[in-house]
Amino acid sequence: MAQSAHNPVGRQQKIIVPNKHDEKLVGLLHETGSEEIVILCHGFRSTKETTTITNLAIALENEGISAFRFDFAGNGESEGTFQYGNYWREADDLHAVIQHFSGENRAASTILGHSKGGDVVLLYASKYHGIRTVVNVSGRYDLQRGIEERLGKDFVETIKKEGYLDVKNKTGDVSYRVTEESLMDRLSTDMHEACLQIDKECRVLTVHGSADETIPVEDALEFSKIIPNHKLHVIEGADHCYTSHQTELVSVVLDFIKAALQQDKATSN
């Protein structure tokens with residue numbers, strides 16, 4: 001792809017993409033001039049600036065593969081209000097981003113998500129198809145789990161009674177509000193059912209840390225049982241954010257993406 005003078009190779013370029021609700025999604029393109037682009041999706045109450053997402057984008061760029069990391073609506077620099085749940089809505093945000101690039105004749109060859117973002121990329125693949133490579137880094141299989149840790153023991157009663165629950169940070173300020181509707185959105189998101197809809201041609205890599213303190217590694221094993229074209233890589237000793245295992249995570253992901261791109265080139269020739 002030809003580079004314009006104001007966008008030299010190796011520079012991060014801010015790109016704004018409207019989602020279907022006309023909220024501006026803000027992202028950074030690590031431009032290498034490659035035809036294909038890897039889209040990177042952050043996790044719950046996170047942003048495109050997290051260590052894992054940033055490191056992966058830089059590593060891909062260093063290998064000559066363009067990468068785009070962006071904030072979902074209601075997170076980071078993007079417009080919109082933060083909502084608990086929103087799994088399918090974030091899959092639609094990802095769809096808006098992929099459509100933006102396909103409008104510029106750039107193929108989003110791979111989508112990658114960390115944590116909740118891992119769920120979002122799997123949901124996307126189950127709904128839209130057409131994506132050849134998906135990387136799920138520490139996604140959650142059972143969305144009924146992991147709620148009490150954040151919302152407290154009696155979260156169902158509180159939300160049913162009050163209509164919402166405010167989650168506070170350590171200093172007692174409200175971090176975010178969980179409404180009954182947004183809780184039901186999460187509880188009704190069925191990863192098992194969605195994963196069964198993923199095309200057999202779509203290659204999926206699940207990476208998970210054996211010492212993940214947020215989402216148990218068992219969830220990764222469940223994904224490997226039901227996704228048709230699936231590879232599982234467990235990183236021994238890694239926690240949820242790969243605090244001491246960034247190098248290994250990057251290496252596993254890059255190897256998978258590069259092999260997939262080579263396969264795609266071979267089949268298209």
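Predicted model: local features only at pLDDT ≥ 70, side-chain atom pairs only at ≥ 80, totals over all residues.

Colleague: What makes Cys195 buried, given its relative accessible area of 1%?

Modeller: Buried means under 20% relative accessible area. Cys195 has 1%, so Cys195 is buried.

Colleague: How many disulfides does the structure hold?

Modeller: The structure holds 0 disulfides. Cys41 is in none, and the nearest cysteine sulfur to its own, that of Cys202, is 13 Å away.

Colleague: Why are α2 and α3 called roughly perpendicular?

Modeller: Helix α2 covers residues 87-102 and helix α3 residues 116-128, and they pack at an angle of about 70° with their axes 8 Å apart. Angles of 65 to 115 degrees count as roughly perpendicular, and α2 and α3 therefore get that label.

Colleague: Which residues of α2 and α3 meet?

Modeller: From α2, the residues include Trp88, Leu94, His95 and Ile98; from α3, they include Val120, Val121, Leu123 and Tyr124. By class, this contact has 10 nonpolar, 2 polar and 5 charged residues.

Colleague: Which residues have the most contacts inside the largest nonpolar core?

Modeller: They are Ile39, Phe68, Phe70, Leu94, Ile111, Leu122 and Val134, in a core of 39 residues. Helix α2 gives the largest share of this core, 7 residues. A second, separate core has 25 residues, among them Leu60, Val252, Val253 and Ile257.

Colleague: What does Val134 touch, leaving out residues up to four places away in sequence?

Modeller: The contacts of Val134 include Ile111, Leu122, Cys202, Val204, Leu205 and Phe256. In general, nonpolar side chains in soluble globular proteins tend to be buried together.

Colleague: How do you know whether Asn136 is buried or exposed?

Modeller: The cut-off for buried is under 20% relative accessible area. Asn136 is at 0%, and therefore counts as buried. Asn136 lies in strand β6, residues 133-137. Leaving out residues up to four places away in sequence, Asn136 touches Gly113, Gly118, Leu122, Leu205, Thr206, Val207 and Phe223.

Conventions:
Residues numbered from 1 in each chain as written. Heavy atoms only, no water. Axes fitted to C-alpha atoms, helices over the stretch in contact; angles between N-to-C directions. Helix = DSSP H or I, 4+ residues; strand = E, 2+ residues; numbered from the N terminus. Parallel < 35°, antiparallel > 145°, perpendicular 65-115°, else oblique. Contact = heavy atoms within 4.5 Å. Nonpolar A, V, L, I, M, F, W, Y, C, P; charged D, E, K, R; others polar. Buried < 20%, exposed > 50% of the residue type's maximum accessible area, 1.4 Å probe, protein only. Disulfide = S-S within 2.5 Å. Core = buried A, V, L, I, M, F, W, Y, C linked by side-chain atoms within 4.5 Å.
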